[in-house]
Amino acid sequence: MNRYFKPLMLFAFAILLQACINNDIPFPKIPQYITAFAVEDEEAPADINSERYDVTVYLDETTDIRSVRVTEFDYTEGAEPSENLIGKFLDLSEPVQVSLTRYQTYEWTISAVQNIERYFTLKGQIGETQLDVGGKRIIVSVPESADLSALTIASVKLGPAGITTLSPDIHEGEVIDLSSPFIVNVSCHGLTEEWTIYAEKSKLLVSTSEVTAWSQVIWAVAEAPESADNGFRYRQADSEEWITLPKENISFQGGTLTACIPHLTPLTKYVVQAYSDQNLGEEVEVTTQATQILPDGSFDQWWLNGRIWCPWDENGERFWDTGNTGAATLGQSNVQPSDITPDGSGKSAMLETRFVGIAGIGKLAAGSIYTGSFAKVDGTNGILDFGRPWALRPTKLKGYYKYTTVPINYTSAEYKDLMGRPDSCHIYIALADWTAPYQIRTNPRNRQLFDPKSPSIIAYGELVRGSDTDGFIPFEIKLDYRSYSRVPTYLQITCAASKYGDFFTGGTGATLFVDQFSLSYDY
């Protein structure tokens, strides 16, 4: 009996011991990312946000948002997706969830933005049409003298172009009876929506709805009867002399007039008034903002921190930075001060695209300088903080640049078709209402780059050139504003010797010199 008892006791003890041992070794926590995503008929590349784990796709207006075909779906190597989306048709009228699992599960949200142009105007209407997409309502103001039963349609588009039908089939030039609400059925992609059109009589013949003062420009918007002689006048608050704004400074859309009043004095009070024939609107008083010089726009201040050239005085304020910290991990700074300048004095910034590495191991580094700061190195990639606090609204970025291009000899998977083509330099300026500096990450695993189409961008302008210049030449980049009233919080200016350097695509030896940057506040 002892011969069997002892092994049994040892076996039982082993089981008991195993039960008392906890597996306290945790699985590694490795976030899983969607690295590329695309759909058919997209209007712009998808925005992949690795911090929020979401993807936003931008659809053409003619795409059926309820049936969107996925053409590209890449993710972190080793991750298991909840489903393979390649070739799938997604209903993106509501956000779609997809998960990536590797040790832990990470939930991603895919949503769509689809901007459909819609409009409806009447001849002689007052102001801009109120178009309520959510409530499917259209409200148009007309003069008190108008006959509501016989109004003429000036323009109409209530759905995607070419594939939308209206019932009844109303069109430009048709006389419509709006003495009572008018119902029109709008059909597209097998879905029909019922819209209601209302006409309202207005006693107010001219009304100013918005006046926004910048540093040397005032923007004003007013509503008035479309067929009248409409315009604006203005004066300094301490003057009785009115100045009539030339009509070429006003854009007219139906009964809405938008004015740009230029050549003003900063920090000065002005009075703006709209008119319609002999009728005058209210007087609106505003004060123009100050102007501010672009810090270190001469690129004369530099110091050498080890192998890293820094574009600011060693003991001064930092406004600009470069990618030198990343490039210097495997080589030398590829952004340096230069004595080659437009007028032979001071310094310029020389940006060169190089392959940085040892024994052929490394990657392409495009020379770049930008407003912001280099945060840290992520392996052989960089993390940057874009933007400097800024509340003014310039109209242009001016300066000088000199560029030498070379054929592109390094590409990423996204830009293989550019191999052998001339490299391009890129200079851009943007104003944003970010709540903090915008983090740029070049690591493909969690890439986040600047997107000029982001809703947080208020104004943007750029220069792209893919050929040599004959020495330094002047440039002027006009800012395209998407809102005249939104106030920026950050200014972003970026210069790069290779336009697609963020994707490690460019030509070794492409060189960009920049100098004498300044901001203009007038038109």
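Here are some notes on the aromatic contacts in this predicted model.

1. Start with the overall tally: searching the whole structure turns up 27 aromatic pairs.

2. F355 and Y410 make a stacked pair, with ring centres 5.0 Å apart and 20° between the planes. This pair ties together distant parts of the chain, 55 residues apart. F355 belongs to strand 31 (residues 354-358), while Y410 is in the loop that runs between strand 36 (396-404) and strand 37 (425-432). As for solvent, F355 comes out as partly exposed at 26% relative accessible area, and Y410 is also partly exposed, at 30%.

3. The loop between strand 36 and strand 37 also holds Y415, which pairs with F503 in an edge-to-face arrangement: 5.0 Å centre to centre and 65° between the planes. Is F503 buried or exposed? F503 has a relative accessible area of 17%, so it counts as buried, the cut-off being under 20%.

4. Have a look at the cluster as well: F299, F319, W320, Y401, F475 and F517 are joined by ring pairs.

5. Finally, the charges over rings. R233 lies over the face of W242, 4.0 Å from the ring centre. K363 places its charged end over the ring of F504, at 4.2 Å from the centre.

Note on methods
Residues numbered from 1 in each chain as written. Predicted model: local features only at pLDDT ≥ 70, side-chain atom pairs only at ≥ 80, totals over all residues. Heavy atoms only, no water. Phe/Tyr/Trp six-rings, centres within 6.5 Å; stacked < 30°, edge-to-face > 60°. Helix = DSSP H or I, 4+ residues; strand = E, 2+ residues; numbered from the N terminus. Buried < 20%, exposed > 50% of the residue type's maximum accessible area, 1.4 Å probe, protein only. Lys NZ or Arg CZ within 6 Å of the ring centre and 35° of its normal.
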